[in-house]
Structures are given as structure tokens and as C-alpha cells.
Amino acid sequence: MVAYIESKVDDGDEDEEDTEFSNPFQNNVRKVQAIRGLRMALFGIPVVVEYLQRKKMGVEDVFHVKAVHSLAVVLLELPAGYISDRFGRKPAIIASCACGVLYWTAMGAGNTKRHFQAAQLLLGMSDSLFSGTDAAVLYESLEKCGNKGRALHGESQAVFIAQATETMASILGGYVASHVSLRSAMWLTCLPYTLALAIGLTLLETSGFRDHSHQQYNMWHSMLQSAFSLAQIVKKDLVNLNLGPEVLAGVLLGTTTYTAVWLFQPLWKRAGLPLGIYGWAWAGLNFSVATTALTAPILQRTLRTRQALIFLGVWGGICYLFLGTLRNQVALVLAGCALYWVRGGGGPIVTNAINRQATPTHRASLLSARSMLTQAVFLLWTPAIGYVSSTMGLTWACVMTGVVLSMGASTMLASFTLLYPQVTKNGHENFDDRDGSGVIEVN
């Protein structure tokens, strides 16, 4: 057993404290958190469904548009993870931010369903390149600073900063949409993405990438090898019941909250919420994610990874039932805030579990694979949820999402825990950190 214990700095250990702050990779942590925050300054997102509906698109059409984004992510996630692992984290982040600028420009200029579907391809490229890479940079930077044991804290803090930024941006975006125009809110989002691009140019590379230009590489052959290796790793985890169940539950819970993003605004419209309040309501949702992200270490320390995800799955299912039945405007927004504990608390826990199990050469690929699976499930889910929303109503769409996805994740994890209790216990020793002070690995 190899134990990595986070070093505690005493008041008298001035040399260690100076070393920590003089480490150049410490700035990487702050830069990644800033980039995440700027990418989440989504001025247009609180009103994007309303914007699309004013282009004569129904709720089902909105899900069709988002399905293109999911398809793009499914096709590009693995190549993007390969690019990040092979060519470096920094180029991937720079390219991601550049695609984001182009996406929001295209959204503001679009007028038809085909235009918006084409724009989703740019967003798919942006998300694929950024997904996993940001978490890998954060983890590897902390590792180089000797603070790997604080990876979950760093991840939850990054989520807090990102969601707090979206909270403030939502208020401003709602104001711009109601007092200027919906299109202006789309174009305004280009500004923070441009700033994120500028910060990305100053990042230090963390992956240990070296210039291989003097060697001959077959990119597609190497990527197929990476895909095969990734498939073997995932298969091994599923067979051994170590990490696979948690990742699959994270995928289902991620799809649960991602579906909610596109249901909130139609639910608000049904309840008669004024457009000028959309920004404030969206800010409340993201403030909920920001604050609940700080509970991730507490949940893992108190319940352990698997039990925490089971709890969050049941919580999400109950919240969806309230979302589908409530008509009061305030209660509806509060139910959405409660639902987002699943996103704020569950996301960092699953990400931290992957970071601890993965090797540096496959970390970004594994994190990308999780995102790819989430988008694949959403892609399969969109025809059903879109059809139910347009034919049976939003209430049944919420009930179906809560029961099938959120409670389905809890049921799956609980079944694994009951059927394989001893294997579950052994698997948790690999990546659970009950006191939050370090990482324990079993060889």
C-alpha cells in the first residue's frame, strides 16, 4: 500500500510555504479556474431556448438542435482527448476557446434551424477539446506543486468559481435580453471566451509533452491504439467493479442535469415567469451549483463515493417530480436549485475518482470518455424526451427524466453494492479519501 498524505504546513515551516507559492504551476491552478469561469460567463444561456422558440422552433426542435451538439461531442471526444494527451493540454485549451468564440458569433447571426444546428458543431468541437483537459491541467498542476491530495478541493473550488461567474453573467444576460435584444445576449458571450483564449496562451504545459516533430507518426494508427487501450481500461474497471459503476452513474446523473438545462425555460414560460426575471432565475440555479460544489468533499468524506452518488440520484428524482407538478413561479425556481445539487455535488466526486485512478498518459482521454458517454446517452435520450414534451407535456417529460435517469442511476449503484459488497469495499480503497487528506492506493 502506497499512501500519499497531504503535507500540513505549520506556522514555522516558512521554507515550505515559500516553495509552494514560488512554484510556477501554482499559477496554472488559478488560470484554469479563471478560464473555466470565463467560459461559464454565458450571457445568452438564460434565454437561449426563448431565443430559439422566437425563431419558430418548438421544444422538440430545441432538443433536435442540441442533439447535433451531442453527436459532435460523441464523434470528437476521443480524438480531442488524443490531441490533449499527445500534443499537449495548452493547444487543446486554446483551440477550444477559439471555437467557442466562433460558436457564439454564429448563434447571434443564425436565423433558421439549420443555421443553429451548424453552430452546434462548433460548440461540439469547443466542448470536446476542453472536456477532460481542464481537469487534467488542474490535477497535474496540483501534482507538480505537491498538493495532489487536494485535487477534490481544487476541483470543487473550480466548479464554484465557474458557477459563480455564470450566476453573475446570467443576471446581466437577462437584462440585456429584455432591454436590448435576445441576439445581443448571444453576441455578448463572445467577450469572455476571447478573454479565456488570451489566458490560455499564458498556461504552462503540464502533460510532459515533448516535441516529436523529428519522428514519424501515423496519427490515426496512434489514435486507434489509444482507443483500444481506453476500451481495455474501461472494460477492466467494469469487470472488476472498481470504477465503472461510479462512472456510469455519473453519466446518467450528468444527462439528468443536462436535460434540465433545456426544460427549465419552457417550464418557466408555462408558469408565466417574465422574461426579465429569467436571468435572475438562472443566476439562482448556478449559485446553487456553485455552493453545492463545496459540499463534494463533505459528501465523499461522510458517505464515500458510491453512497454519495446513490443519495444524489434519489434526490434528483424527487426534485424532478416537483419540477413537473409545480406551477408557482418561486417554488419552480427553488425546485430547480435543489435539483442542481446533483450537478454541483456529484460532478467533482466522479471527476476526482477518475483523476486518482487514471495514469497521466490517459487521464484526459478517460475524462473525455466520460463526457462522450454523457453526450451519447443524451443523444439517445433527446428523441424520447422531445417527443414526450411536445405530445404529452412538460410534466410527463420531467417525471420520465427523474425516474429513468436520476433514480435509475441510484438503482444501478445500489444493485452493484448489494450484489458485490466485498468487491465494492476493495474498489473504494483505490480512490476514496474519507478524511480528505490524501490519496490511498492499493497495489
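Buried means under 20% relative accessible area, exposed means over 50%, and partly exposed lies in between, using a 1.4 Å probe and protein chains only. This is a predicted model, in which local features need pLDDT of at least 70 and side-chain atom pairs count only at pLDDT 80 or more, while totals for chains, interfaces and linings use all residues. Residues are numbered from 1 along each chain as its sequence is written, and side-chain values use heavy atoms, leaving out hydrogens and water.

**Salt bridges overall**

- Side chains of opposite charge can pair when their charged atoms come close.
- Searching the whole structure turns up 5 salt bridges, where a salt bridge is a side-chain nitrogen of Lys or Arg within 4 Å of a carboxyl oxygen of Asp or Glu.

**Asp134 and Arg36**

- Asp134 and Arg36 form a salt bridge, and their closest N and O atoms are 2.6 Å apart.
- Because Asp134 sits in helix α7 (residues 133-144) and Arg36 in helix α2 (residues 25-39), the pair ties together parts that are 98 residues apart in sequence.
- Helices (H or I, at least four residues) and strands (E, at least two) are DSSP runs, numbered from the N terminus.
- Asp134 is buried, at 8% relative accessible area, and Arg36 is buried too, at 7%.

- A salt bridge joins the side chains of Lys269 and Glu50 (3.8 Å, N to O).
- This pair links distant parts of the chain, with Lys269 in helix α12 (residues 244-271) and Glu50 in helix α3 (residues 48-53), 219 residues apart.
- Lys269 is partly exposed, at 45% relative accessible area, whereas Glu50 counts as buried at 9%.

**Asp61 and Lys113**

- Asp61 pairs with Lys113 in a salt bridge whose closest N and O atoms are 3.2 Å apart.
- Asp61 lies in helix α4 (residues 59-87) and Lys113 in helix α6 (residues 113-130), so the pair ties together parts 52 residues apart in sequence.
- Both ends are partly exposed: Asp61 has a relative accessible area of 23%, and Lys113 has 28%.
- Turning back to Glu50, salt bridges with shared partners join Glu50, Arg54 and Lys269 into one network.

**A nonpolar surface patch**

- Helix α4 supplies the largest share of the nonpolar patch, 3 residues.
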